[in-house]
Amino acid sequence: MKKILLLFLCTVLITSYIYAGTTGKLAGKVTDQTTGESIPLANIILEGTSLGGATDLEGNYMINNIPPGEYNVVFSSIGFQKRKVTKVQISVDFTTRLDATMASLTLTTQEVVIEAKAPLVRTDLTSSHTTIEAAQIQKLPVESVTQLLTLQAGVVQDADGGIHIRGGRSNEVAYTVNGMSVSNPFSNTASLSIATNAIQELSVISGTFNAEYGSAMSGIVNTITKEGGSAYTGQVSFYTGDYVSNRTDKFYNIGNVDALNNTVSEFTLGGPIPFVSNLFNFFLSGRYNKNKGWLYGIREHNTSDQAIISATNPNDIRLITTGDGKTVSMNPSESFNGTAKVTFKPISNMKINYDLLYSKAKSKDYSHMFKYDPDALGTSRSTNIINSIELRHAVDSKTFYTVKGSYNVRNGSYYLYPLLDANGNEVDFQPGDDLSKLHADSRYQPTEKLTVPATYTFYYGGTDNSQSYSKFSTFIGKFDIVSQVQKSHEVKFGLEYRKHELASESFTVKRDTVTYTTPTILGISSASHDYYKKKPEEFSTYIQDKMEYSTLVLNVGLRYDYFNAHSKYSTDIMNPSPNNPSLSSDIDKSKLLADAEAKQRLSPRLGISFPITDKGIIHFSYGHFYQMPSMSSLYTNSSFKYSVSSGQLTIGNANLNPQKTVSYELGVQQQLSDELAVVVTGFVKDVRDLFAVQYIRISGDETYARYVNQDYGNIKGITVTLTKRRTKEDMLGASLDYTYQTSEGNNTNSDAFFLDMSSGRQSEKIVTNLGWAQTHTLNASVIFGDLGNWNISLVGRYGSGMPYTPELTSSKIDIKTNSGTMPSTLRVDLFADKIFNVHGVNLSVFVKVFNLFDILNDAAVYSSTGKADYTLYQNSATALATRALSQRVAGIKDPNDYFNDPTYYYSPREVRVGVGIEF
């Protein structure tokens, strides 16, 4: 590893580089309005900043290292009148083309001011890349990055909230803030959320992406946060509301409206720091959200209650019922997230940014089995802090470099009752802490209390006795530099190093009526207690050349990735653990484990864009993309405990290979008029070495599960996007995108992996739909109103049904996995506001309505019917017996209540109103 680092550091000293992912570029040509001749040495300044440049002898100019946002660009030259172009939009990773003509001072001495329009087609777009600016976000019915993502073409959200881009798994997306990763290495998902009021620009790259991006196979989500300007700006808002629905038969208590059910308070403040305003600027944001949710239970039972079944007469059943009968929220949540940015400009060509990102959240997940014992479920908690610092220095007008570092710390936990010390005080436990002086809360109940008196009914007492804790810290160091080495060549080169420290601890509090009569936490050596602490490393580098010609834009790049798990893995599938007490004496235990190999991969990337008309552009892109599986799959049971009697034994695999995707994309952009454009894109993805579970049968009933690179997928699709721009003259803006997509993968039974390997035969390839495959997706948004006065926006989303596996209850015929299709879903959201200007301050009154028409969308279905509201088992003999029991024993619920599970539906209509002040 040291040799690799030394080699690339030496390369840094002799090569030109670029930093990408947080800035854009402005380029164009300045000519004489009368003669059309080039104007050399004209000055171009971005008003209110120190950014600028000058034209060369041919009148061309280029200004890079521009943070995303809206700027006024001023052109000036001796003998010519000044020309100002307002509202020039700069986007991350793109070149904004702005040509200008200047009139002679002999014609007029007045400054000419015109307003720019964001381009509807981009000449340097070589892969699908969507950019959403702060002004757009502010006028949409969205409150999170996730909601913004669901508006993008090719993006599907599953019932659990996972985001799938172009058919990939939800953990195949890389999330970055200001160009730095904020991914959770345990799960390869975002570790924290950013409030929309802090976002300057959100960019989404789907399918293929340039060599500077890695650790992802489906897409890149990059958030750029706002920074303070030369004047003070701020915003404060509060809004509240509740779920308002007539679906009382599906959602208990939904008819009782609470005006403060879901409250949100937000603020932002930015500007110069007093007394040092010429050197320092700041930006602060915060968002606090408290939501009681829409899923409720009834406290008919306390956790100490239970169903008592006679040992001699199973029909003798009695329920202990001590609850107060109150309605209890079962999916509440509370969160705060904030940002702080300080910008220091010691000299005109240098900027230092310090960013602090903070989030804290807690929530509960509804469990239908505990509907009448709602206090039995634990709470998930998380705290995340990210500190990052960036130094950006422009060496000259063509070259700048960036040095950046970040430190990300996240704590997560799940428990019902916290651990206690010897004095009975609650303890803030973290994985790896000494448990010898701690004990579990006495309120944890024996597992026998989770015994149900009949099938298709609820728990009538008991507690969830599981606890889990996780903590990770990630240090990231990056060095990047840009150089426009020639007029048409922008060379990129970068280095990144990541050092993780992961700790995870989970256990079940043991309590029963025979062995563990008091709540007991067994030691780490037991099968019910897992702990590991690991320090994996990652290193990456890339080189890329963006060649921009009048008839062609070409992106060519190569990326190198290195990963070392720094852990051991099992080398013998038939003898996976040296801790197996029944190992034969002939087996050398020292050879059963080995150090995981370091993984190294090279990824070529190619993107081409060229015009076919003056307003039509074709692009093609191709690339190899690698990503390690989530690290929890590498380190599960990394101490190789072996206890088959405790249930299904699972052993992680620190020697897993990176997952691989080869992706192709072909698209065309065509501007149909000044305000209307269409984009058509086709894509193909071949996915290999996906993470999968393999079951190994050692002998008889002795089996265990291990993780392997076995799954594959094949994804094809086409996306059509139509955009109608909103202008001052035309109050209507709209967008419409449609995606047709097939997402297929292998359907090899987990046991078959082992059987085929043992027999030496090739595994049978049975292709089936992936679980999140949505064939048809349609998104539409309409925004209408008078800018700065009033606004109405509607967002609609339609999705064809996702797959499910049907069940034939009266047949032994094998049904193909995911061969059924759930009902389609449709949702419309609304945002409307009215702005009043009071003494220079904008006061806004607004309303947000989610699921405007209160459409009942299925999130899951019963496999016997393909419906969420009915299953064949409702009329089975077992269900009829439970129904008869419910009529005989007070407190036992009818099975129809059990089958009416509200989690089988997406949330009902929600209405919120609020006020805001902006200055």
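Mentor: Contact here means heavy atoms within 4.5 Å of each other. The model is predicted, and local features need pLDDT of at least 70, side-chain atom pairs pLDDT 80 or more, while totals for chains, interfaces and linings use all residues. Residues are numbered from 1 along each chain as its sequence is written, and side-chain values use heavy atoms, with hydrogens and water left out.

Trainee: Which residues is Ile543 in contact with, leaving aside its neighbours within four places in sequence?

Mentor: Ala211, Lys492, Phe493, Val556, Gly557 and Leu558. Gly494 is 49 residues away from Ile543 in sequence, and their C-alpha atoms are 6.8 Å apart.

Trainee: Why is Ile543 called partly exposed?

Mentor: Buried means under 20% relative accessible area, exposed over 50%, and partly exposed in between (1.4 Å probe, protein chains only). Ile543 has 37%, so Ile543 is partly exposed. Ile543 is in strand β33, residues 537–548; strands (E, at least two residues) and helices (H or I, at least four) are DSSP runs, numbered from the N terminus.

Trainee: What makes Val720 buried, partly exposed or exposed?

Mentor: Its relative accessibility is 33%, so Val720 counts as partly exposed. Val720 is found in strand β42 and belongs to a nonpolar patch on the surface, together with Leu672, Tyr738 and Leu826, among others.

Trainee: What makes that set a nonpolar patch?

Mentor: Patch residues have over 30% relative accessible area and no salt bridge, and nonpolar side chains (Val, Leu, Ile, Met, Phe, Trp, Tyr) are joined within 5 Å. A salt bridge is a side-chain nitrogen of Lys or Arg within 4 Å of a carboxyl oxygen of Asp or Glu. The patch has about 780 Å² of accessible area together, and β42 (702–724) and β43 (732–746) each give two or more residues to it.

Trainee: What is called the largest nonpolar core?

Mentor: A nonpolar core is a set of buried Ala, Val, Leu, Ile, Met, Phe, Trp, Tyr and Cys residues joined through side-chain atoms within 4.5 Å. The largest has 26 residues, and Leu148, Leu149, Tyr175, Leu202 and Val221 have the most contacts inside it. α3 (145–149), β12 (163–165), β13 (173–177) and β17 (199–206) each supply at least two of its residues. Apart from it lies another core of 21 residues, including Leu26 and Ile90.

Trainee: How do you know that β1 and β4 pair?

Mentor: Two strands pair if DSSP finds at least two bridges between them. Five bridges join β1 to β4 (residues 60–66), and the strands run antiparallel; Gly24 stands opposite Ile66. Strand β1 (residues 24–32) is mostly covered, with eight of its nine residues buried.

Technical notes. Patches are made of residues with over 30% relative accessible area and no salt bridge: like charges are joined within 9 Å, nonpolar side chains (Val, Leu, Ile, Met, Phe, Trp, Tyr) within 5 Å. Accessible areas come from the Shrake-Rupley method with a 1.4 Å probe; for residues, only the protein chains shown count as cover.
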